[in-house]
Amino acid sequence: MKKYQTLLEKIRDYFPAPTSDKMHDAYFVSTIMHALDQLDEMKGTAPVLGKHENIDYSKSSKEKIPENLSRVEDTVSRIVEYACGLEIWGHPNTQTNVIPPATIPSIVGKLISSTCNANIIWDEYSHRFALAEVEASGMLCDLIGYELDKSCGVFTFGGTGTNLYGVYAGIMKAIPDAKKKGIREDVRVFTSECGHYSLMNVVSWLGIGIDNLISIETSRDNDMRIDRLEEELEETISSGVKVGCVVATMGTTDAFGIDDLKEIIKVRDKMVGEFDLDYVPHVHADAVIGWVWSVFNDYDFSNNPLEFSKRTLRSINDSREKIKYLHLADSTGVDFHKTGYGPYISSAFLVKNRSDLEPLYRKQDDMPYLYQFGEYHPGMFTLECSRAADGPMAALANLRLLGREGYRVIIGHVVEMAEILRERFESFNFIHVLNDYNLGPVTLFRVYPEGIDDATMFYSKEVSDPGFSEILKKHNKYNRAIFEFTHKEAMLGRGVTLSLTECYRKTTYSEPEEIPILAIKSFIMSPFTDENAIQAVADKVLEAREHTQME
Ligand SMILES: Cc1ncc(COP(=O)(O)O)c(C=O)c1O
């Protein structure tokens with residue numbers, strides 16, 4: 001045997017067996033088992049795998065590719081080490097952000113699509129994996145109330161991707177020859193000031209420009225002010241500028257604000273009539289966080305079969321009252337790697353009318369090497385050429401596993417826990433809950449030092465009175481210190497991981513300067529979070545307050 005052939009024999013064992021070989025399958029499984037054992041050894045009481053240490057990135061960037069082969073076992077063991085120091089998203093004491101733990105079937109969905117290495121550019125390279133995309137999209141369209149014989153969906157690269165598709169579909173309506181000629185005129189995209197920053201990427205990468213992304217003021221509930229939207233649309237259209245898209249945020253990143261989609265659609269339709277527009281401005285719902293509340297659209301709120309508490313029921317119902325209008329949006333973005341409890345990345349872009357995708361199609365002649373046969377050709381219009389099947393597989397696994405009931409239980413639980421936390425905070429006169437009208441699993445709060453015994457009143461002064469600007473800045477610093485204390489403690493296994501937003505909103509005044517208001521954030525996502533974890537947040541915040549001095 002030639003030297004290379006000896007090595008090739010070894011290398012063949014690195015791959016899953018191409019023909020039936022139970023022994024080799026067992027080896028594959030035991031490799032995964034070892035990886036899981038190694039992860040298990042990293043678990044302790046803290047919500048973090050192993051120890052969270054500082055990383056020397058500059059040293060790491062100088063790593064060299066090895067000269068020779070390594071053993072599978074050694075490689076896997078080294079690869080698993082990269083999990084060390086990461087937070088455990090499912091830990092009861094993790095309340096960091098909108099990051100879920102992934103269910104076992106959704107992980108297996110991803111594993112299987114990787115093992116078979118399907119590419120859902122077309123069904124020829126994915127066959128039944130393509131079906132997973134069609135089924136998962138269909139279930140989602142049905143869930144939010146799109147008509148199944150008119151709607152469809154494709155998976156893409158994250159919530160950002162869903163926003164990109166939404167805005168692009170809108171541009172195709174407003175400027176039909178933009179695909180060929182480029183965007184040669186000003187076109188504006190509207191969202192609320194609480195809309196996600198990914199829209200900035202979208203407008204700049206699409207060549208629309210950040211100056212043409214119009215941020216509409218929000219109410220104190222963090223939803224878009226409809227009167228302001230109407231004014232801005234009127235001003236834009238009457239000045240001859242086209243409306244590329246209106247993006248409604250259905251569950252904002254920081255505070256779970258939900259836009260009034262029904263009113264947004266009304267205003268859009270009014271504009272079409274008033275200005276006799278020859279196109280209908282596209283309305284995209286960025287529901288990557290809020291979509292899952294649709295499982296409550298047909299929940300029996302009067303009999304409350306899942307026995308949620310009154311407070312939780314009211315919260316969920318209030319959110320549902322807005323989410324139930326998702327079916328009015330021309331397109332909708334859904335993330336499973338947020339409130340769908342799937343692994344990164346699993347995002348679906350849904351359109352109410354398939355015909356909205358037609359302008360996105362390229363000609364078959366431009367792609368002579370693909371799509372000659374088969375029946376499912378999403379790659380003819382998707383941005384991505386190669387498309388992993390892991391997103392749809394993970395999504396489908398969870399939709400089948402949890403169904404409406406499972407999602408109702410998880411979402412009901414995290415909202416219930418957040419309600420208990422808010423109730424606890426409300427009993428302290430030195431803590432103010434900022435998003436007290438946004439009723440999801442996220443709680444934003446500010447802690448005030450000794451001497452301030454009406455936090456709510458003090459906060460309202462900080463927001464609106466320029467005379468309080470210096471103290472507002474000091475309290476921003478104070479809250480950062482409180483957060484840092486709790487974070488350090490959590491990493492040592494004492495307490496709960498929280499997060500921070502530098503700018504929950506800005507002061508209502510801008511003279512002499514507009515000041516961002518910092519807030520500490522508890523985002524409950526783990527089904528394992530319980531009342532002990534909630535007590536731990538309250539206890540740690542009190543302890544942090546005792547240890548923290550105002551500068
Ligand atoms: C409301 C909203 N839209 C879009 C995004 C972007 O999603 P992704 O990070 O998956 O690209 C986020 C991310 O947090 C978000 O909160």
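**Exercise 1. Find out which helix gives the most to the shell around the ligand, and how many residues that is.**

Helix H7 (residues 159-174) gives the most, with three residues. Helices here are DSSP runs (H or I, at least four residues), strands are runs of E with at least two, and both are numbered from the N terminus. Before going on, a word on the model: it is predicted, so local features need pLDDT of at least 70 and side-chain atom pairs count only at pLDDT 80 or more, while totals for chains, interfaces and linings use all residues. Residues are numbered from 1 along each chain as its sequence is written.

Next, look at who comes nearest: of the 14 residues around the ligand, these are Gly158, Gly159, Thr160, His196 and Thr253. (A residue is near a molecule if its C-beta atom, placed from the backbone, lies within 6 Å of it.) Finally, sort the shell by class: two nonpolar, 10 polar and two charged residues. Ala, Val, Leu, Ile, Met, Phe, Trp, Tyr, Cys and Pro count as nonpolar, Asp, Glu, Lys and Arg as charged, and the others, Gly among them, as polar.

**Exercise 2. Describe how helix H6 and helix H13 cross.**

Start with the numbers: the axes of H6 (residues 128-144) and H13 (residues 390-426) come within 8 Å and cross at roughly 50°. Axes are lines fitted to C-alpha atoms, for helices over the stretch in contact, and angles run from 0 to 180 degrees between N-to-C directions. Now name the angle: H6 and H13 are therefore oblique to each other. (Under 35 degrees is roughly parallel, over 145 roughly antiparallel, 65 to 115 roughly perpendicular, and the rest oblique.)

Then check who touches whom: Phe129, Ala132, Glu133, Glu135, Ala136 and Met139 in H6 meet Pro392, Met393, Ala395, Leu396 and Leu399 in H13. Contact means C-beta atoms, placed from the backbone, within 7 Å. By class, that gives nine nonpolar, no polar and two charged residues.

**Exercise 3. Work out the strand order of the four-stranded open sheet.**

The order is E8-E9-E11-E10, with antiparallel pairing. Strands pair if DSSP finds at least two bridges between them. The edges are E8 (431-433) and E10 (499-506), each pairing on one side only. Inside, four bridges join E9 (residues 442-447) to E11 (residues 516-523); Phe445 has Ile520 in E11 as its bridge partner. H13 turns up again, lying across E8, E9 and E11 at about 20° to E9.

Conventions: Two residues are in contact if their C-beta atoms, placed from the backbone, lie within 7 Å.
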